[in-house]
Structure formats: structure tokens, C-alpha cells
Amino acid sequence: MAAFELPYVNWRRVAPPLETSSLVIRRDAKGDGRFLAPRSGRRRHRGVDVTAALNSPVRSIRSGRVVEVGVHRGLGRFVEIEHRHGLRSRYAHLSKVVVTVGSRVLQGALIGRVGKTGNARSARIQPHLHLELLRDGEPIDPQTLGLRLIDPSALAQPPSPHLLHSPEV
């Protein structure tokens, strides 16, 4: 009997790319990290920027095969992984990459470390992971796969008025 290989097992629909209890979208003096946020000209942000401490571990959201590792002027050091069903994930602004092209990675596997490379080098930009998801070459919102992201403006909201008053007896 031949050995059984499970190269594409995904135990969850999507795994968080960072080891943190909350994935908070970057919003700082240099920009807004939400999906499709306006950029210079008529461009739109093709991914999400998730705040993280420098050198935090970056993990694959799904199992797949590493198809590109490189350095790009805007993305800085990055990794791109091909998953099943036309899905690809791209992780950018990394300080370190620990996978090579052709490597198979399991969901949750370490692929790199958060950095400030590419257009994230400015001191006014918070350290973050730029995460892009593409389905058949078109960018998609990571939340459509079940990744739970927190908009920082929601964290700054005052509590709802009905929560401030104790119930009358």
C-alpha cells in the first residue's frame, strides 16, 4: 500500500496569518490598510494591512505551494503561495522569508517574519503585514474567506448608550 500524502489539508477554512488574538487593520498617518481603500491616482488597495510587532511570525492562511519569493519596490520582501481552486495569497513587507519557491506549506506553517520593507519603510508607517488574496488573478477581500479583521475606528468607538445605564429595578 502506498503512503498517503496530505499536502493540501486545511483544518480550518482560513488560518490567521499572525499569532495574535485580534487582527487589527493598519490606519496611521501614511494611510488606510483596508481592502480597496483609495490610493494615489485611481488605484485601490489590493489587500489588507494588519498591524503587528516587527519580526512577528507570519503563517500561511491555507496549505499550498510557494510559487514566488522576491523583492518588489512597493511590496518589499514577499512570498506568494498558490492554493487550490484558483486561490493565491501574498504576504508582503517581510523582514525575513523562511520558505523557497516550490516548497509545500501546510496551513499555519511559518513562512516569514513581519518587517518594514518596500513602501512600508517610513517611520510614520506602523509595522504591518500586507496580505493579498487573489482568486483567478482578481483581488478578493480576505474577510470573504472568514478571516476576522478589526477596523481600528471600531476600537475607538465609545460604548453604546444603553450599556452605560444600569437597568431600572
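Me: In which sense do strand 5 (residues 64-72) and strand 6 pair, and over how many bridges?
Reply: In this predicted model, strand 5 and strand 6 form a hairpin with 3 residues between them. One of the bridges joins V66 to I81 in strand 6. The pairing of the two strands is antiparallel, and the number of bridges is 7.

Me: Which residue in strand 7 is the bridge partner of F78?
Reply: Strand 6 also pairs with strand 7 in the antiparallel sense, over 6 bridges. These two strands form a hairpin with 4 residues between them, and H85 in the turn has a positive phi of about 60°. Within strand 7, F78 has as its bridge partner A92.

Me: How many of the residues of strand 6 are buried?
Reply: A residue is buried when its relative accessible area is under 20%. By that criterion strand 6 is mostly covered, and of its 7 residues the number buried is 5.

Me: Which residues touch the most other members of the largest nonpolar core?
Reply: This core holds 26 residues. The residues that touch the most other members are L18, V58, Y91 and I111.

Me: Why does V98 count as partly exposed?
Reply: V98 lies in the loop between strand 7 (87-97) and strand 8 (104-105). Its contacts beyond four places in sequence are with L110, I111 and G112. Partly exposed covers the range between the buried limit of 20% and the exposed limit of 50%. V98 therefore counts as partly exposed, because its relative accessibility is 39%.

How values were computed:
Residues numbered from 1 in each chain as written. Predicted model: local features only at pLDDT ≥ 70, side-chain atom pairs only at ≥ 80, totals over all residues. Heavy atoms only, no water. Buried < 20%, exposed > 50% of the residue type's maximum accessible area, 1.4 Å probe, protein only. Contact = heavy atoms within 4.5 Å. Core = buried A, V, L, I, M, F, W, Y, C linked by side-chain atoms within 4.5 Å. Pairing = 2+ DSSP bridges.
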